[in-house]
Amino acid sequence: MTATSPVNLDPIARFRTLFEEVLKTPRELLPEPTAFALGTVDAEGQPSVRIVLLKGVDERGFVFYTNFESRKGRELLATRRAALCFHWQHLELQVRVEGDVETVSDAEADAYFASRARGSQIGAWASAQSRPMENPTDLVDRVAEIERRFAGGAVPRPPHWSGFLVRPRRIEFWKGMPSRLHVRELYVRDESAWSVQRLYP
Ligand SMILES: Cc1cc2nc3c(=O)[nH]c(=O)nc-3n(C[C@H](O)[C@H](O)[C@H](O)COP(=O)(O)O)c2cc1C
(Lines give C-alpha, C1' and ligand atoms only; values in the text may rest on other atoms or scores of the structure.)
Protein backbone atom coordinates (compact mmCIF):
# COMPACT_ATOMS: atom_id res chain seq x y z
CA MET A 1 0.00 0.00 0.00
CA THR A 2 1.43 3.39 -0.93
CA ALA A 3 0.69 6.72 0.68
CA THR A 4 -1.41 7.76 -2.29
CA SER A 5 -3.48 4.63 -2.82
CA PRO A 6 -7.22 5.24 -2.30
CA VAL A 7 -7.53 2.84 0.60
CA ASN A 8 -4.64 4.55 2.31
CA LEU A 9 -6.44 7.87 2.09
CA ASP A 10 -9.38 6.46 4.02
CA PRO A 11 -8.02 5.54 7.44
CA ILE A 12 -11.35 4.14 8.64
CA ALA A 13 -11.35 1.69 5.73
CA ARG A 14 -7.72 0.89 6.54
CA PHE A 15 -8.67 0.30 10.20
CA ARG A 16 -11.57 -1.96 9.22
CA THR A 17 -9.32 -4.10 6.98
CA LEU A 18 -6.77 -4.37 9.77
CA PHE A 19 -9.45 -5.09 12.39
CA GLU A 20 -10.83 -7.98 10.31
CA GLU A 21 -7.35 -9.53 10.42
CA VAL A 22 -7.04 -8.88 14.16
CA LEU A 23 -10.39 -10.63 14.80
CA LYS A 24 -9.00 -13.79 13.17
CA THR A 25 -6.30 -14.04 15.86
CA PRO A 26 -6.68 -17.14 18.07
CA ARG A 27 -8.18 -16.19 21.45
CA GLU A 28 -5.25 -17.85 23.29
CA LEU A 29 -3.04 -15.19 21.71
CA LEU A 30 -5.47 -12.29 21.99
CA PRO A 31 -8.35 -12.86 24.44
CA GLU A 32 -9.96 -9.44 23.92
CA PRO A 33 -9.26 -8.33 20.32
CA THR A 34 -11.82 -5.51 20.51
CA ALA A 35 -10.45 -3.95 23.71
CA PHE A 36 -9.05 -0.45 23.59
CA ALA A 37 -8.04 2.28 26.02
CA LEU A 38 -10.53 5.14 26.09
CA GLY A 39 -9.29 8.54 27.22
CA THR A 40 -11.63 11.26 28.44
CA VAL A 41 -11.04 14.56 30.17
CA ASP A 42 -12.98 16.37 32.90
CA ALA A 43 -13.85 20.05 33.28
CA GLU A 44 -10.51 20.74 35.02
CA GLY A 45 -8.54 19.15 32.19
CA GLN A 46 -7.81 16.00 34.22
CA PRO A 47 -7.53 13.06 31.78
CA SER A 48 -8.63 9.54 32.72
CA VAL A 49 -8.35 6.28 30.84
CA ARG A 50 -10.00 2.86 31.01
CA ILE A 51 -10.50 -0.20 28.80
CA VAL A 52 -13.76 -0.67 26.87
CA LEU A 53 -14.80 -2.92 23.99
CA LEU A 54 -15.34 -1.77 20.42
CA LYS A 55 -18.82 -2.85 19.31
CA GLY A 56 -18.86 -1.36 15.84
CA VAL A 57 -16.73 0.43 13.29
CA ASP A 58 -18.20 1.75 10.06
CA GLU A 59 -17.74 4.73 7.76
CA ARG A 60 -19.00 7.05 10.56
CA GLY A 61 -16.40 5.95 13.10
CA PHE A 62 -16.06 3.87 16.28
CA VAL A 63 -18.95 2.72 18.52
CA PHE A 64 -18.87 1.47 22.11
CA TYR A 65 -21.46 1.13 24.86
CA THR A 66 -21.51 2.25 28.44
CA ASN A 67 -23.44 3.78 31.30
CA PHE A 68 -24.01 7.45 30.50
CA GLU A 69 -23.97 8.28 34.22
CA SER A 70 -20.49 6.78 34.69
CA ARG A 71 -17.42 8.99 34.92
CA LYS A 72 -16.59 8.45 31.26
CA GLY A 73 -20.23 8.89 30.27
CA ARG A 74 -20.56 12.23 32.03
CA GLU A 75 -17.21 13.45 30.69
CA LEU A 76 -18.00 12.46 27.11
CA LEU A 77 -21.42 14.11 27.25
CA ALA A 78 -19.82 17.30 28.60
CA THR A 79 -16.73 17.60 26.39
CA ARG A 80 -17.82 15.66 23.29
CA ARG A 81 -14.17 14.65 22.81
CA ALA A 82 -12.45 11.28 23.15
CA ALA A 83 -9.17 9.51 22.46
CA LEU A 84 -8.89 5.77 21.72
CA CYS A 85 -5.80 3.59 21.69
CA PHE A 86 -5.69 0.02 20.37
CA HIS A 87 -2.64 -2.16 20.97
CA TRP A 88 -2.16 -5.53 19.29
CA GLN A 89 1.18 -6.68 20.65
CA HIS A 90 1.45 -9.87 18.56
CA LEU A 91 1.24 -7.76 15.38
CA GLU A 92 3.40 -4.97 16.82
CA LEU A 93 0.61 -2.54 16.03
CA GLN A 94 -0.84 0.47 17.78
CA VAL A 95 -3.71 2.61 16.46
CA ARG A 96 -4.49 5.95 18.07
CA VAL A 97 -7.72 7.83 17.39
CA GLU A 98 -8.93 11.27 18.42
CA GLY A 99 -12.34 12.58 17.58
CA ASP A 100 -15.70 14.12 18.25
CA VAL A 101 -18.28 12.22 20.23
CA GLU A 102 -21.96 11.72 19.47
CA THR A 103 -24.52 9.42 20.99
CA VAL A 104 -25.91 6.63 18.82
CA SER A 105 -29.63 6.62 18.01
CA ASP A 106 -32.08 4.92 20.39
CA ALA A 107 -32.83 2.39 17.63
CA GLU A 108 -29.13 1.49 17.26
CA ALA A 109 -28.67 1.17 21.03
CA ASP A 110 -31.87 -0.87 21.41
CA ALA A 111 -30.75 -3.28 18.69
CA TYR A 112 -27.36 -3.81 20.33
CA PHE A 113 -28.83 -4.10 23.84
CA ALA A 114 -31.30 -6.73 22.62
CA SER A 115 -28.38 -8.81 21.27
CA ARG A 116 -26.68 -8.99 24.67
CA ALA A 117 -26.93 -11.93 27.06
CA ARG A 118 -29.74 -11.53 29.60
CA GLY A 119 -27.22 -11.45 32.47
CA SER A 120 -25.48 -8.45 30.89
CA GLN A 121 -28.85 -6.76 30.33
CA ILE A 122 -29.73 -7.22 34.01
CA GLY A 123 -26.26 -5.98 34.96
CA ALA A 124 -26.72 -2.78 32.97
CA TRP A 125 -29.77 -1.97 35.15
CA ALA A 126 -28.16 -3.13 38.40
CA SER A 127 -24.84 -1.28 38.19
CA ALA A 128 -24.77 2.39 39.11
CA GLN A 129 -21.44 2.46 37.31
CA SER A 130 -18.69 4.59 38.92
CA ARG A 131 -20.88 5.51 41.92
CA PRO A 132 -19.80 4.56 45.48
CA MET A 133 -21.24 1.24 46.73
CA GLU A 134 -22.09 1.23 50.46
CA ASN A 135 -22.08 -2.53 51.11
CA PRO A 136 -20.35 -5.33 49.14
CA THR A 137 -23.73 -7.12 48.85
CA ASP A 138 -25.56 -4.15 47.34
CA LEU A 139 -24.82 -5.17 43.75
CA VAL A 140 -26.08 -8.74 44.28
CA ASP A 141 -29.21 -7.37 45.95
CA ARG A 142 -29.85 -5.01 43.05
CA VAL A 143 -29.37 -7.84 40.53
CA ALA A 144 -31.97 -9.92 42.41
CA GLU A 145 -34.37 -6.98 42.48
CA ILE A 146 -33.99 -6.34 38.72
CA GLU A 147 -34.46 -10.05 37.98
CA ARG A 148 -37.72 -9.94 39.91
CA ARG A 149 -38.80 -6.78 38.12
CA PHE A 150 -38.34 -8.27 34.65
CA ALA A 151 -39.16 -11.91 35.50
CA GLY A 152 -40.60 -13.76 32.55
CA GLY A 153 -40.27 -10.82 30.16
CA ALA A 154 -37.76 -9.09 27.95
CA VAL A 155 -35.31 -6.69 29.59
CA PRO A 156 -35.60 -3.22 28.02
CA ARG A 157 -32.55 -1.00 27.58
CA PRO A 158 -32.02 1.24 30.62
CA PRO A 159 -32.44 4.94 29.76
CA HIS A 160 -28.94 5.69 31.11
CA TRP A 161 -27.21 3.01 29.02
CA SER A 162 -26.37 3.59 25.38
CA GLY A 163 -23.62 3.94 22.83
CA PHE A 164 -21.13 6.59 21.88
CA LEU A 165 -19.92 7.14 18.33
CA VAL A 166 -16.46 8.66 17.94
CA ARG A 167 -16.11 10.41 14.61
CA PRO A 168 -12.34 10.52 14.09
CA ARG A 169 -10.38 13.65 13.28
CA ARG A 170 -6.95 12.00 13.67
CA ILE A 171 -5.95 8.36 13.25
CA GLU A 172 -2.37 7.20 13.62
CA PHE A 173 -1.14 3.74 12.63
CA TRP A 174 2.07 2.67 14.38
CA LYS A 175 3.95 -0.40 13.22
CA GLY A 176 6.85 -1.74 15.24
CA MET A 177 10.10 -2.13 13.32
CA PRO A 178 13.62 -3.37 14.18
CA SER A 179 15.98 -0.96 15.98
CA ARG A 180 12.95 1.13 16.99
CA LEU A 181 12.71 2.56 13.47
CA HIS A 182 8.95 2.26 13.78
CA VAL A 183 6.59 3.44 11.05
CA ARG A 184 4.03 6.07 12.07
CA GLU A 185 1.40 7.26 9.61
CA LEU A 186 -0.85 10.04 10.83
CA TYR A 187 -4.14 10.78 9.06
CA VAL A 188 -5.78 14.13 9.75
CA ARG A 189 -9.29 15.06 8.62
CA ASP A 190 -9.85 18.58 7.38
CA GLU A 191 -13.58 19.12 6.76
CA SER A 192 -14.34 15.88 4.92
CA ALA A 193 -10.95 15.17 3.31
CA TRP A 194 -8.17 13.11 4.86
CA SER A 195 -4.47 13.80 4.45
CA VAL A 196 -1.66 11.52 5.58
CA GLN A 197 1.90 12.13 6.71
CA ARG A 198 4.73 10.14 8.24
CA LEU A 199 6.00 11.00 11.71
CA TYR A 200 9.39 10.22 13.18
CA PRO A 201 9.06 7.34 15.61
C1 LIG B 1 -11.49 -6.00 29.03
C2 LIG B 1 -12.41 -4.95 29.57
C3 LIG B 1 -13.52 -4.56 28.83
C4 LIG B 1 -14.39 -3.58 29.29
N5 LIG B 1 -15.42 -3.17 28.50
C6 LIG B 1 -16.24 -2.18 28.92
C7 LIG B 1 -17.24 -1.64 28.05
O8 LIG B 1 -17.39 -2.03 26.88
N9 LIG B 1 -18.06 -0.66 28.54
C10 LIG B 1 -17.91 -0.17 29.82
O11 LIG B 1 -18.68 0.72 30.20
N12 LIG B 1 -16.94 -0.63 30.65
C13 LIG B 1 -16.10 -1.60 30.23
N14 LIG B 1 -15.09 -2.05 31.05
C15 LIG B 1 -14.96 -1.45 32.40
C16 LIG B 1 -14.23 -0.10 32.30
O17 LIG B 1 -12.84 -0.31 32.11
C18 LIG B 1 -14.42 0.77 33.56
O19 LIG B 1 -13.97 0.10 34.70
C20 LIG B 1 -15.88 1.17 33.78
O21 LIG B 1 -16.56 1.38 32.56
C22 LIG B 1 -15.98 2.43 34.64
O23 LIG B 1 -15.22 3.46 34.04
P24 LIG B 1 -15.43 5.02 34.42
O25 LIG B 1 -15.64 5.07 35.93
O26 LIG B 1 -14.20 5.71 34.00
O27 LIG B 1 -16.64 5.50 33.69
C28 LIG B 1 -14.18 -3.01 30.59
C29 LIG B 1 -13.05 -3.39 31.33
C30 LIG B 1 -12.19 -4.33 30.83
C31 LIG B 1 -10.97 -4.69 31.65
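Predicted model: local features only at pLDDT ≥ 70, side-chain atom pairs only at ≥ 80, totals over all residues.
Which exposed residues does the face of α3 turned away from its buried side carry? They are Ala107, Ala114 and Ser115.

Residues are numbered from 1 along each chain as its sequence is written, and side-chain values use heavy atoms, with hydrogens and water left out.

Helix α3 covers residues 106-115, and its buried residues are Ala109, Tyr112 and Phe113. Seen down the helix axis, these buried residues fall within an arc of 100°, so they line one face of α3. That arc is taken from the directions from the helix axis to the C-beta atoms. Buried means under 20% relative accessible area, exposed means over 50%, and partly exposed is in between, with a 1.4 Å probe and protein chains only. Helices (H or I, at least four residues) and strands (E, at least two) are DSSP runs, numbered from the N terminus. The buried residues of α3 pack against β4 (61-67), α4 (118-126) and β7 (161-175). Contact here means heavy atoms within 4.5 Å.

Next, the ligand. The residues around it are Arg50, Ile51, Val52, Leu53, Tyr65, Thr66, Ser70, Arg71, Lys72, Gln129 and Ser130.

A polar side-chain atom of arginine 50 lies 2.7 Å from a ligand oxygen. For arginine 71, a backbone N or O atom lies 3.3 Å from a ligand oxygen. A polar side-chain atom of glutamine 129 lies 3.0 Å from one. Taken alone the ligand exposes 620 Å², and the protein buries 63% of that. Those areas come from the Shrake-Rupley method with a 1.4 Å probe; for residues, only the protein chains shown count as cover. The elements giving two or more residues to the shell are β2 (47-53), β4 and α2. The largest share, four residues, comes from β2.

Serine 70 belongs to that shell. Its place is in the loop between β4 and α2 (71-79). Is serine 70 buried or exposed? It is buried, at a relative accessible area of 0%. The side chain of serine 70 makes a polar contact with the side chain of lysine 72, at 3.3 Å. A polar contact is a pair of N or O atoms within 3.5 Å; within protein, one must be able to donate a hydrogen and the other to accept it, and residues adjacent in sequence count only if both atoms are side-chain atoms. The backbone nitrogen of glycine 73 lies 3.0 Å from a polar side-chain atom of serine 70.

Helix α2 also holds glutamate 75. Glutamate 75 is buried, with a relative accessible area of 9%, and its side chain makes a polar contact of 2.6 Å with the side chain of threonine 40.

Last, aspartate 100 sits in strand β6 (residues 93-103). At 26% relative accessibility, aspartate 100 counts as partly exposed. A polar contact of 3.2 Å joins its side chain to that of arginine 81.

Notes
Near = heavy atom within 4 Å.
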